[in-house]
Amino acid sequence: MKNLKISSLLLLALISFSSCSDDEGTPELINEEEVITTVTVTLKSNFGNGEEIILTSRDLDGEGPDAPVISVTGGNLQSGIEYTGTVVLENETVSPAEVINEEIIAEADEHQFFYQIGSGLDATVSYDDTENQYLNNGSLNPVGLSFTLTAGAASTGQFTVTLRHEPNKDAAGVSEGNLTNAGGETDVAQTFNLTIE
Amino acid sequence: MKFFTLVFVCVFGLHIQAQECDYTISGVVRDFHDGQVLPNATLSINGYQKYALSNLDGKYALKGLCEGSYVITITHPECEVAEFTVEVSGDVQRDFKLEHHTEELNSVTVKGQNLKKGSASSAAQILQTDALESYSDASLGDALREIPGVSSLNTGSTVVKPVIQGLHSSRVLIINNGTRMEDQEWGVEHAPNLDLNTAANVTVVKGASALRYGGDAVGGVILTESPKAPAKDTLYGKTILSGASNGRGYGITSTLMKAYHSGLYIQGQGTRKRSGDREAPDYVLSNTGVSENDFSVGFGLDKFTYGFDAYYSMYDAEIGILRASHIGNVSDLVRAINSGEPDVIRDFIYDINAPKQDVRHHLAKLSVFKRFEKAGKLTLDYSFQQNNRLEYDIRRGENRDKPSLDLRLTTHTLQSNFAYDARSDFKADFGVEASYQENFPNPETDIRRLIPDYEMYTFGAYATASYDINSNFKLDGGFRYDFSEIDAEKFYQNSRWEERDYDTDFADLIVEQFDNQLLVNPVFDYHNFSGTLGGRYQFANNWDLKLNFSSASRAPNPAELFSDGLHHSAAIIELGDLRIKQEQSYKTSLELNGQSGGFSFGINPYYNQISDFIILEPTGLQFTNRGAFPVHEYRQVDARLYGVDLQAAYYFNDQFDVKTGFAYVNGHDLDRDRPLIDMPAPNVNTTFSFRKAEWNNLNVSLRNQSVFKQNRFPDNDFEVTYINDSGDEVTETVRISESPAAYSLFHLASSAEFKVLNQSTLTLGLFVDNILNTAYRDYLNRQRYFADDLGRNFKIQIKLNY
């Protein structure tokens, strides 16, 4: 009987102890830092006044139901002209907008952009940067934060920007910008319609 | 000391002898439970040559006693030995009550437990210690597949969830040593957070008839039971060491029990498992290592009329998730399905990197009981559980080492049960249960919460009874009522809130508005009714027929209500729905068991009709800067499942036998007239065993595991337009629905026993799984799109009982 009493007491103690569990109050708002809401590709003409064609994909609700809004401003590409391309990734859900490029630069060896030209569009793309440039690691593998686009004959077609996280950069063709053997997981994949005139 | 004793005995002895010695102790010996008289009980006075036997009326008389204090020992063939102290200073009238049932409880554990846990009429099966021990380095879900009708829903080979007759997750309750596990079991990628080495046996009740443990067991109940301490002075234990070639893993588990004659006991148990990357026949399954550390301690007092148990267990596991199954968007999924090989194959390592799960479960429990004469046993339990689940994804920058999911679920449960057992032909249980649960998703993940902050209160009350009409015919039944209230605080993206039309239906739930998110406070109440009714008829020796009807009612779980986010392993966006109501099942189960000569069999057909069955299914695509994602939404349909579990065995002689089990389940969505997703394919398991007691108890068995192709699956294939690797836009059908091909595997198990030292037994086991190194994929493995299942595995096991 004595044991029973002791156990009952213990039980009561436990219950009273547990009922004072901490209340967390109102949960705090989370604005995700890693969301890429905005992809901006700038194609700056290497000729004349350096006109800029700006390709933007903006998806302010990230994984929410709204689809990205895509725009191409600054007119069409000019046949035979070389363009210097740069890409900026931002998270506009936070203010001021966070530029995600910094993280990509810090982990340049684990990221690579791919620029694909769809059939129909007469253009070529080559990388202008290397990992070594950002990490000083001696690697000549490209990252793709800057590139050159050369517009060929007048045509219309799709231009796709892809960012892969942890791709296999040493696989065949990957350093030339071919996705076939790249693997990894997709962080950005967006397509723009371009016209060369 | 001896001297004093001697003096004391002499003085005391002389003192007694000086008295008149013609007193009598007389009375009646009765059964504690029902008060019936007990004939043939032997009463003896310790230290004196005096005995008496109770007569047919239970009466006894011990004559010729002097004044003094006597200890009387009473023995009865069906009762535990009991001692009572009686003071004599004249004739004494004294009735004794003996515990009549201990003999039954100890020796007939197998049959007794069936009655105790589910109901006599429900289909149930038990896995005993020896069967569990061969899985000491694996998981509960692996072990339970031994039972026909129980399969598993896997994420790779390391996250294994039991499926009972086609149903799983929130529909299968796991009762760990009397406590319902609250380990975020709603998730299909969340394995039960318990170490099967803590269990002495595991019972599977295939239906909702175990009402004492919950009314929402639409699929069934899995009950694990800890080893019971014997009421004698003893110290024993066991250690099992195992090593496996696939994954280059090892496991060690040890149990130690110290028990006293008084009923006091203390026990401890610990397990460690470690494995590196597992291997499929043709490649390494990169990042599939496991590291698990568990322990449990318990102590208590187990007297006949009262007692208590205190128990604490901790489960801690780090589980690697196949690297190649972590994908970015739907075109990554298309690539994975088309390539037929994992995208990431690296050399073997032990390290576990992201993606991975890191889960920890604490369970503390205190229970007390008291038996009342001519009534029964009252039990009061309090349990505390805390489950912390961390899931790590591949992340960038300073978030790299942060978990993407960090949920802490805390549950307090108080329950009380009264088991009425005063009559031998009528037994009943009454009980109440109340719980408080709090979920805290840690905001430091910096990822929007998949499951929100919530508090949940539940209250349940039940009554179950069984009645023996005669010795062959038993009826049982029961009902249960459960109330639950969930009070959540959740952030929705404005766009999601509007897209779900919540702005028209639930506008009053909004607490606060931010730039692009809303804080809402849904509070939902659910009233659930469940019940069971059945009978068991034993129409010949070893032949019986059971019929059981049960209805279970399950309130939606937090995932079904609130989930709202991206699942990386499947590249899907999963959406709960605030409008979801409870589902109600109506199940009929028939079971016939029989034996004739060396042949025995069991056949268990069932039909389960479920109203408002909650399912997750694809409803469209959503576009983001990362590409397209299929959206899966929870919704409710009327469904039915029917099937049959069969088992048969033939004992040729003492050395050879063959056993086979077959399970078939057919699930159908009645609203849309199409098959239900994720139903186990028909399967047959056949084991040939050879045993020779003279050869060190040698046991060799060869098992064939054959799984047919599941031909019944809903067509959830969808079309997606994406840019292929050469930069062109293509439209392709994503074939996610098709089930993998049939497969057949052979497994070998063998063991032999050796006596070591004086009281210890060493058991040596050698196992080979998937002997032919067959490459296969299983329909119920969520990683079947990415990689083959496990290849050949050699395992040795050394067990020492001491």
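Predicted model: local features only at pLDDT ≥ 70, side-chain atom pairs only at ≥ 80, totals over all residues.
## Where the chains meet

Let's start with the contact between the two chains. On the chain A side, 54 residues are in contact with 54 residues of chain B. Five elements of chain A each put two or more residues into that side: the helices α1 (2-18) and α2 (101-106), plus the strands β6 (111-117), β9 (155-165) and β10 (185-196). Top of the list is α1(A), which gives 9 residues.

## Nonpolar cores

The largest nonpolar core has 89 residues, and the members touching the most others are B:Leu144, B:Val204, B:Val221 and B:Ile222. Which strand gives the most to this core? That's β37 of chain B (residues 627-651), with 5 residues.

Zooming in on B:Leu144, and skipping neighbours within four places in sequence, its contacts are B:Leu127, B:Val150, B:Pro162, B:Val202, B:Val204 and B:Ile222.

There's also a second, separate core, this one with 36 residues, A:Ile117, A:Leu163, A:Val188 and A:Ala189 among them.

## The annotated plug domain

UniProt, in an unreviewed entry, marks residues 119-221 of chain B as "domain: TonB-dependent receptor plug". In the model, that span is 29% strand and 10% helix, and its end C-alpha atoms sit 12 Å apart.

Technical notes:
Residues numbered from 1 in each chain as written. Chains lettered and ligands numbered in written order. Contact = placed C-beta atoms within 7 Å. Helix = DSSP H or I, 4+ residues; strand = E, 2+ residues; numbered from the N terminus. Core = buried A, V, L, I, M, F, W, Y, C linked by C-beta atoms within 7 Å. Buried ≥ 20, exposed ≤ 12 C-beta atoms within 10 Å, placed from the backbone. UniProt positions renumbered as here; feature names shortened; annotations may be inferred.
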